[in-house]
Each structure stands twice: as C-alpha cells, then as structure tokens.
Amino acid sequence: MSNEMTVDTGTPIGGLSQIERVVDTFVAPTKTFTDILRSASWWLPLLLLIISSVATAFVIDKQVGFDRVYANQLHQSPKQEDKINDMDPDQKAKVIKISAIATKVATYGSFVFILIFVAIYSLVLWGSFNFGLGAKTTYPQVFAVSMYSALPYLITAILTIVTLYFGGNADAFLSQDPVGTNPGYYMPDAAPWLKALLGSFDIVKIWSDILGIIGMSIIAKKTIAQSAAIIGSFWLLGVIALTVRGAFS
C-alpha cells in the first residue's frame, strides 16, 4: 500500500471545459488556475472580453454619444480644455469632431488595447517570477492566468450597460470610470490626483489582482505571499503613476 498522499482538486480527469473554467474563476478559482497547468487555452475569456467591450461601446454610443463622452473626458483635464477653448471657433469645432471620432473608434476597439496591455503585463510577470523567484512558468501559462484574472471586468461592463439604460447621467459619464466600484467615483469634484488615487482602490481591480495572485502562485508553485509581493508591487507602481499623472493633468 502506498503511503503517498494526494490532494483532490475536484478537477475532472479530462480537465475542465472552457465554460467550467470561466465559472470556476468566480466560484472556485484554484480549479481554473490548476487546470492551466494542463492546458493554457484562453479563447473563451477573449471572446467574452470582445463581446462585452463592443456591447458596452454600443450602449455608450446610443445612450450618451461620443461627442458627450469626449467633452466629459476633456473636462477632467482643465489645461487641455483651456487650450481648446482658446482656439478659434472653426478650429475648435474641427478638433472636437476629430477627437470624438477617435474616442468612438478607441472605445469600440478597446479590446485590442486591453489585449496588448495583457500581453505586455504577462511578459513582465513571466520575467519577474521566472528570473526573480526562479519559477518554471511558460509565457502561455502566465498569459492564460492574466486572461482569466481579467474576467471580473465583465461585471463592470454589465453594470455600465445597466446603469446607462436605467437612469445613468450622460453629462457625468466617464468611460474610464463608468460605475461606482471605487471611492473616486463618488468624488467628482475632487482634485485630479486625489480622484486618481482613490480610483486605484477599485473593487473589481483588486478582485482581478487577487485572482492573479492565486493563479501565479499555482502555476509558479510559489507561496501566496511571494506572488502577492510581486503583483502588489506592480499595483503600487500603478497607483503612484496614476496619481502623479493626475497631479499634472
């Protein structure tokens, strides 16, 4: 009789399906991230990301309009707003029109920018864990962890759509901060640096980072504390960068 002990993760012998992975990311994330060691597939999170981002952009287009979206964003940058207001009327109208179109294109294609960000972030994580902690992860595994960790942002998309359809204020809508999942959302008149700082404490963002910590600890075979130290450091750098940018906006 063998004296070895095994741990039952509850994962089927053949592995999890993509749908099971997505569901387990919310209810049993260790199952999802353990299954990534078997297969680094991430096509369903990508599909959900594309659908949610395009659907959100469509609702913003219909319920707010990208002229208003751009105007609201511009109002968050007083220096830039003053610069545009100093232009002659024809030039000002042209700049606003072009900027609104650019905002519309960027919003509908936001999933492309998100995918690029995830790719770069995953590369940084891969290097940090492999060279910093001596892990043996592969880049596809890290990328898959990042994609599944981003699934909580689907909730942001759903809340944005529901809010805009049922009583959302178009004049106060900001695409970079569409719903009240962070303290900064409730302080619209706060100084830009303070709003950026408070906005960093976003429930969905923190949830996503916690999933990343769990996922990286599993595929890198490191402790939660080691994983949290690396991902937490990047979160802190992001907070500092956003706060400094807000101070100079």
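Me: At what angle do the axes of helix H4 and helix H5 cross?

Reply: Axes are lines fitted to C-alpha atoms, for helices over the stretch in contact, and angles run from 0 to 180 degrees between N-to-C directions. Helices (H or I, at least four residues) and strands (E, at least two) are DSSP runs, numbered from the N terminus. Here the axes of H4 (residues 66-75) and H5 (residues 78-85) cross at roughly 115 degrees and come within 7 Å. The model is a predicted one, in which local features need pLDDT of at least 70 and side-chain atom pairs count only at pLDDT 80 or more, while totals for chains, interfaces and linings use all residues. Residues are numbered from 1 along each chain as its sequence is written, and side-chain values use heavy atoms, with hydrogens and water left out.

Me: Which residues of H4 and H5 meet?

Reply: Contact means heavy atoms within 4.5 Å. From H4 come Tyr70, Leu74 and His75, and they meet Pro78, Gln80, Glu81 and Ile84 of H5. Sorted by class, this contact of H4 with H5 holds four nonpolar, two polar and one charged residues. In that sorting, Ala, Val, Leu, Ile, Met, Phe, Trp, Tyr, Cys and Pro are nonpolar, Asp, Glu, Lys and Arg are charged, and the others, Gly among them, are polar.

Me: How many aromatic pairs are there?

Reply: A pair of aromatic rings is described by the distance of the centres and the angle of the planes. Rings of Phe, Tyr and Trp (its six-membered ring) pair if their centres lie within 6.5 Å; planes under 30 degrees apart count as stacked, over 60 as edge-to-face and the rest as tilted. The count by this rule is nine aromatic pairs. One of them joins Phe117 and Tyr121, which is stacked because the ring centres are 6.0 Å apart and the planes lie at 5 degrees. These two residues are four apart in helix H7 (residues 110-132), so about one helical turn separates Phe117 from Tyr121. Ring pairs also link Trp42, Tyr139 and Phe143 into a cluster.

Me: Is Phe117 buried or exposed?

Reply: Buried means under 20% relative accessible area, exposed over 50%, and partly exposed in between (1.4 Å probe, protein chains only). Phe117 has a relative accessible area of 55% and is therefore exposed; Tyr121, at 22%, is partly exposed.

Me: Where does Ser208 lie, and what does Ser208 touch?

Reply: Ser208 lies in helix H11 (residues 203-220) and counts as buried because its relative accessibility is 9%. Leaving aside residues up to four places away in sequence, Ser208 touches Ser149, Ala150, Pro152 and Tyr153. Between Ser208 and Ser146 there are 62 residues in sequence, yet the C-alpha to C-alpha distance is 8.8 Å.

Me: What is the phi of Lys221?

Reply: Most residues other than glycine have a negative phi. Lys221 has a positive value, near 60 degrees. Its place is in the loop between H11 and helix H12 (224-247), and Lys221 is exposed because its relative accessibility is 63%.

Me: Which residues of helix H1 are buried, and what covers them?

Reply: In H1 (residues 18-27), the buried residues are Gln18, Arg21, Val22, Asp24 and Thr25. Their cover includes helix H2 (29-36), helix H3 (43-63), helix H8 (139-149) and H11.

Me: How many helices and strands does the protein chain have?

Reply: The protein chain has 12 helices and zero strands. Its C-alpha trace spans about 85 × 35 × 30 Å along the principal axes, and 37% of its 249 residues count as buried.
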